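These are my notebook entries on a structure that I looked through. I begin with the terms and then turn to the chain, its loops and its surroundings.

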There are 2 protein chains.
Amino acid sequence: MGRVRQADIARVAGVSQATVSVVLGGNRAGVRLSERTRLRVLEAAERLGYVPDPVSSRLMSARNNLLGLYTFTPAFPDIADGCYPILAGVEAEAAALGKDLIMFTASSAAPDRIRRTRLADGCLFLGRHVPVDALAGLLDAGFPLVCIGRRTELDGRIPHVGADYVTASAEVVGRLARAGHRRVRYLREPDDAPSSGDRERGVRGAAADAGLSLAVTRTDGTDLAPATIAGWLADGVTALVVEETDTSAVFEGTRRALRAAGVSVPGDVSLAVLGRPPGGTAGPVVSGFEVPRRALGRAAVRLLASLVEPGTGEPVPHRLLPCPPVAGETIATVA
Amino acid sequence: MGRVRQADIARVAGVSQATVSVVLGGNRAGVRLSERTRLRVLEAAERLGYVPDPVSSRLMSARNNLLGLYTFTPAFPDIADGCYPILAGVEAEAAALGKDLIMFTASSAAPDRIRRTRLADGCLFLGRHVPVDALAGLLDAGFPLVCIGRRTELDGRIPHVGADYVTASAEVVGRLARAGHRRVRYLREPDDAPSSGDRERGVRGAAADAGLSLAVTRTDGTDLAPATIAGWLADGVTALVVEETDTSAVFEGTRRALRAAGVSVPGDVSLAVLGRPPGGTAGPVVSGFEVPRRALGRAAVRLLASLVEPGTGEPVPHRLLPCPPVAGETIATVA
DNA sequence: ACAAGAGAGTAATACGTATTAGTACGGTCG
DNA sequence: CGACCGTACTAATACGTATTACTCTCTTGT
């Protein structure tokens, strides 16, 4: 009771397997067939419930309509807010294009698991950090891939779809400057992901343009003492700019420290966030910008599809999406 | 610059492709090989950077460590709270077992797309409703599958992992009875999914046991007029029991109607929900029960894996997980 | 000296489909 | 009547790996 193969259809219809393949495969090679035979084959295929084996067609280096999705962190963390909208976008666009998705679960990250991605026609990669050499290998082999999030590694050879953190971060700092702030503290992730570097570039550029005094602190969020914050305020700092990533570590740490120090926002200090904290239930909306996650997912799928099927749109392998500002209520005007 | 094949290694090492396969494949067949040859092959493979082609291995032996996931509604709806924890559980367990996931996007639901699931070793199905005849076809072909959610169709032949809605719903009604309620209105989804039937069974059973007067309303949530609710209260109803599913339609409709009617909860009427509404931000915690979604996902993957690989645990093709009660604050005691 | 057996490896084949080259048949033209 | 052509199809093969059956060469025992 195994699955139905072309050979079974051939036997029923009284033709050869090759004929079945020609009829069912759309006859790309231009083989001449009588209409009668064609119909007989189609009828038999229908009756037996034939389904092509995607694996063997892929073996012949044909297309599979399978797109890979490789996440370097769990795609479904316990906090739903991070990757979720990205995945939603990926799913929606993949469905629209008639592609299925293979999710490669990297949690059990044997490094060689990444090669399994080749089962698909192409693969998306998702994660703040990415194993560059493995990607280089795939790229060299001509395997279509797209990273979600800007990637500067490998001299920009990595196709990606990212958010324009530089512009968005600069805009946030500009808002602070226009509100009269002169002395700003900037808190960022300790590690050097491209997305963090982009934000820093935007922040520094805008601060320089506006003549702000800017000091930078790298923190993982756990090492922020209330006393430190008090020290900054005593020092004349009137606004904090805080990076926000998937983990929310820095932002959560900052919020905790602010509360512990008894500092009120935006009464005692203004707060701007480079991103969009999850939840939104507790307290006032924090000023910052939206990360267009859903759009990122969709754009990444479209780009990957175009790489898989060359000639269909999207010739540019990089794309940066704008981040709409979130006005929020945590930036106060100072004299 | 094509990829390296076993044949290339064979040429370099001066052996046959078969020998390479034996060395690299772990020699399951017990072919005798000298240590020297083995090392030569390994060295050549290392030097050339060999990577096995997952496609052709799958072509041989139908095991490929791929589990399908077929959702009959988008897996990532705009409201994150529904399927999300289930997917989180699925991903976590799949990763733990070293399996990858194929997500079949059913949104473009041509009915024959379901056959594509056979690309995987087995498949999970997720959704309140399920195309029974298609599943029957897969089952008849001996294809391993597991539904997430209890399925009574096909005389119980469909393997599934579900939540024990009967017991949990009965417990909720029991709580109302112990709080002194005698007259209860029960609002449920209009369609006949097994999960709805289970809840109804639990509710009716508990109501009968406790001697409650129970009336049932089927509604999709949009057709609940405030006047209707007022009528029930005038009629002596002191508690509402409301079904809660992925869409939240009935519960949201009820909440809207209650607010519109100016009815306070639990002051004017007690409210119990058969499930766990999303969010949790607004208002008091509603009394009901938790759906163990994450555990459902994990259990489903384990069961599917055991069906794919017979002999490894989980001999029973059905499993019901308990739903922990949520005390909440919306059940008042009445004289 | 010859059969039996072990050791080392390979040829052949299977998996399911797509493609290429070719065969068989009938008809037409010169 | 044979060369030639068009039609309708099939045989063979390729894709990359895993497995089975087989060959060939030594040892060893009697």
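I take helices (H or I, at least four residues) and strands (E, at least two) as DSSP runs, numbered from the N terminus. The model is predicted, so I note that local features need pLDDT of at least 70 and side-chain atom pairs pLDDT 80 or more, while totals for chains, interfaces and linings use all residues. Residues are numbered from 1 along each chain as its sequence is written, and chains are lettered from A and ligands numbered from 1 in the order in which they are written.

**Entry 1: chain A.** I found eleven helices and twelve strands in chain A. I call a residue buried if 20 or more other C-beta atoms, placed from the backbone, lie within 10 Å of its own, exposed if 12 or fewer do, and partly exposed in between. Of the 335 residues of chain A, 45% are buried.

**Entry 2: Asp155.** Where is Asp155(A) found? I located Asp155(A) in the loop between strand S4 (145-148) and strand S5 (160-163) of chain A. Asp155(A) is not a glycine, yet its phi is positive, about 55°. Asp155(A) counts as exposed because 6 other C-beta atoms lie within 10 Å. In chain B, Asp155(B) has a positive phi near 55° and is found in the loop between strand S4 (145-148) and strand S5 (160-163).

**Entry 3: a cis bond.** I noted that the peptide bond from Val265(A) to Pro266(A) is cis, with omega near 0°. Pro266(A) is in the loop between helix H10 (249-260) and S9 of chain A. The bond from Val265(B) to Pro266(B) is also cis, with omega near 0°.

**Entry 4: the core.** I define a nonpolar core as a set of buried Ala, Val, Leu, Ile, Met, Phe, Trp, Tyr and Cys residues joined through C-beta atoms within 7 Å. The largest has 146 residues, and among those touching the most other members are Leu124(A), Val241(A) and Ala300(A). Apart from that core lies another, of nine residues, including Val20(A) and Val41(A).

**Entry 5: DNA strand D.** I count a residue as near a strand if its C-beta atom, placed from the backbone, lies within 6 Å of it. How many residues surround DNA strand D? I found 30, and the closest include Ala18(A), Thr19(A) and Ser56(B). The largest share of this surface, five residues, comes from H2(B).
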